[in-house]
Amino acid sequence: MYDNDLASQALGIELGEVGTGTAAARMRVTERMVNGHDIAHGGYLFLLADSAFAFACNSHGPVTVASGAEINFVTSARLGDQLLAVAEERTRYGRNGICDVTVYRENGGEREVIAEFRGRSRVIEREQRS
């Protein structure tokens with residue numbers, strides 16, 4: 001899926017570990033991502049979390065898309081910050097699922113929570129297309 005995800009690739013999002021119902025993605029905040037308050041625009045944080053969510057949801061095989069999502073910003077990200085989004089599926093029921101994503105700022109060995117994202121997913125096809 002990542003190979004065809006030009007939006008994530010264009011922003012420099014790198015896919016980390018992916019397991020069944022889990023995924024991690026990294027992104028560095030660039031000048032183009034900073035808003036007029038000199039902090040990372042929330043839309044970019046949402047996109048990073050949404051990408052990790054998509055990779056986790058699609059780890060089961062069937063094509064799965066978002067049916068909704070929300071994000072809570074805990075603190076600001078800034079130019080140069082290395083961010084890590086860790087997605088973990090909470091439940092699947094029928095063709096639906098719920099997945100939580102925590103976005104962290106990585107600083108050496110430390111992690112600081114930047115945002116919390118909850119996504120709702122829906123399976124739309126039985127198998128991934130090649």
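The structure is a predicted model, in which local features need pLDDT of at least 70, side-chain atom pairs count only at pLDDT 80 or more, and totals for chains, interfaces and linings use all residues. Residues are numbered from 1 along each chain as its sequence is written, and side-chain values use heavy atoms, with hydrogens and water left out.

With a relative accessible area of 10%, Asn58 is buried (under 20% relative accessible area, with exposed meaning over 50% and partly exposed in between, for a 1.4 Å probe and protein chains only). A polar atom of the Asn58 side chain lies 2.9 Å from the backbone nitrogen of Thr64. Another loop, between strand 2 and helix 2, holds Asp38. Asp38 is exposed, at 51% relative accessible area, and its phi is near 65 degrees, a positive value in a residue other than glycine.

The largest nonpolar core contains 26 residues, and Leu48, Ala77, Leu83, Cys99, Val101, Val103 and Ile114 have the most contacts inside it. Such a core is a set of buried Ala, Val, Leu, Ile, Met, Phe, Trp, Tyr and Cys residues joined through side-chain atoms within 4.5 Å. At least two core residues come from each of strand 2 (22-28), helix 2 (42-57), strand 4 (82-93), strand 5 (96-107) and strand 6 (110-123). Helix 2 gives the largest share, eight residues. Leaving aside neighbours within four places in sequence, Ile114 is in contact (heavy atoms within 4.5 Å) with residues including Leu45, Phe73, Ala77, Leu83 and Val103.

Ser8 belongs to helix 1 (residues 6-10). Ser8 counts as buried because its relative accessibility is 1%. Not counting residues up to four places away in sequence, Ser8 touches Tyr2, Ile13, Ser51 and Phe55. The side chains of Ser8 and Asp5 are joined by a polar contact of 2.7 Å (a pair of N or O atoms within 3.5 Å; within protein, one must be able to donate a hydrogen and the other to accept it, and residues adjacent in sequence count only if both atoms are side-chain atoms).

Methods
Helices (H or I, at least four residues) and strands (E, at least two) are DSSP runs, numbered from the N terminus.
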